[in-house]
Amino acid sequence: MTPTPNGRTPDPSGTPALAVQGLSKRFGSGDDAVTAVDDVSFAIERGSVVGLLGPNGAGKTTLIKSILGTVIPDEGTVRVLGRDATDGRRAAYANVDAMLEGARNDYWRLTVRENLRYFATIGGIAPDSVADRHDRLLDRLDLADRADTPVRELSRGMKQKVSLASVLAGGAELVFLDEPTLGLDVEGSRTLRREIRRLAEEEDLTVVVSSHDMRVIEDVCDRVIVMSEGSIVADDAVERLLGTVDEYRVRVASDDLTPATVDDLRGRFDVADADSGADPPSLEVVTDGDAVYDLFDALRAAGVTLDRVETVEPTLEDVFVRLTGDRGATEPTPSAAGREPGGATNRPAAAVGDEGGAQ
């Protein structure tokens with residue numbers, strides 16, 4: 001069997017990278033007990049990229065902590081790369097890593113390259129043996145020209161990319177990425193997303209991604225797991241989830257869309273969005289094929305000359321709102337799910353200084 005570029009040979013047994021079965025976690029007791037995770041089961045195949053979404057209080061945080069070993073569940077099992085997570089935690093989590101939200105998991109006084117060597121070393125990998133891997137990561141993440149720069153001197157976006165490179169420095173097989181594009185500009189976000197997809201497709205890396213940005217999830221994930229009130233409410237491929245939204249939307253734009261006109265239309269149509277600050281102002285309406293003619297008649301009667309008309313494709317955010325009823329941002333994976341002593345990566349706890357980074 002042909003090894004992947006990182007030297008690993010694909011598992012012929014088809015054992016999932018992560019298998020969660022009947023996981024439950026309650027906090028408190030008696031009438032005050034709160035069930036944070038309620039009988040959750042799923043499996044993630046090797047080499048896939050899976051998004052984990054959920055509104056505040058959905059139980060996603062507790063689920064992540066339970067998977068990574070920082071919270072002990074009341075019921076259920078977690079198998080990581082074919083190993084029972086309770087059967088020798090160090091061995092079970094040896095090839096698992098996690099990236100913290102906010103780029104706080106690197107040592108800011110070390111250079112970029114020194115961070116990669118350090119985290120490879122504490123993962124049990126001789127850093128010289130993966131020097132070529134580090135060079136490729138630095139090059140692909142546009143960090144090569146800053147390889148010998150202390151992390152504390154980098155921008156927040158570059159620190160975020162260093163965090164990802166450090167997570168990947170030792171060749172982990174399963175990684176959890178919390179808000180991986182936080183602080184990145186458009187081009188940096190695009191670069192990071194391309195690298196996540198490349199690693200999954202070319203090196204058989206398995207990735208679990210949490211992000212507030214639904215576009216990130218749509219771009220990089222093969223599949224999305226959505227939680228609400230402690231349970232999984234959806235678990236499917238991105239394309240199939242998008243297909244569950246059958247609403248027809250039309251967005252129109254015109255300088256004639258005054259606030260009074262928009263208020264009048266709100267009373268007659270299902271207005272999903274209105275942006276009076278756009279140039280020109282725009283209006284998005286949920287309607288079916290026949291009712292769109294009523295909308296155009298109403299606009300004509302109000303003296304609105306249309307500058308632009310376009311249909312709006314359903315987004316993952318639409319699916320999320322329909323499933324959870326939450327129109328706010330999703331809850332990020334907690335930093336506690338990452339590099340705590342005895343957790344998934346067996347890395348030492350970093351002392352957090354005034355700068356907010358590991359010192």
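1. Helices here are DSSP runs of H or I with at least four residues, strands are E runs of at least two, and both are numbered from the N terminus.

2. A word on the source: this is a predicted model, in which local features need pLDDT of at least 70 and side-chain atom pairs count only at pLDDT 80 or more, while totals for chains, interfaces and linings use all residues. Residues are numbered from 1 along each chain as its sequence is written, and side-chain values use heavy atoms, leaving out hydrogens and water.

3. Back to α5, residues 156–168: from first C-alpha to last the helix reaches 19 Å, close to the 18 Å expected at 1.5 Å a residue (that is, 1.5 Å times one less than the number of residues). Its buried residues pack against several elements, including β6 (96–99), α3 (112–122) and α6 (186–203) (contact means heavy atoms within 4.5 Å).

4. Strands β1 (residues 18–27) and β2 (residues 34–44) run antiparallel and are joined by seven bridges; pairing requires at least two DSSP bridges. F27 has V34 in β2 as its bridge partner, and G28 takes a positive phi near 85°.

5. Elsewhere, four strands form an open sheet in the order β12-β13-β11-β14, with antiparallel pairing. β12 (270–275) and β14 (308–312) are at the edges with a single partner strand each, so one side of each has no neighbour in the sheet.
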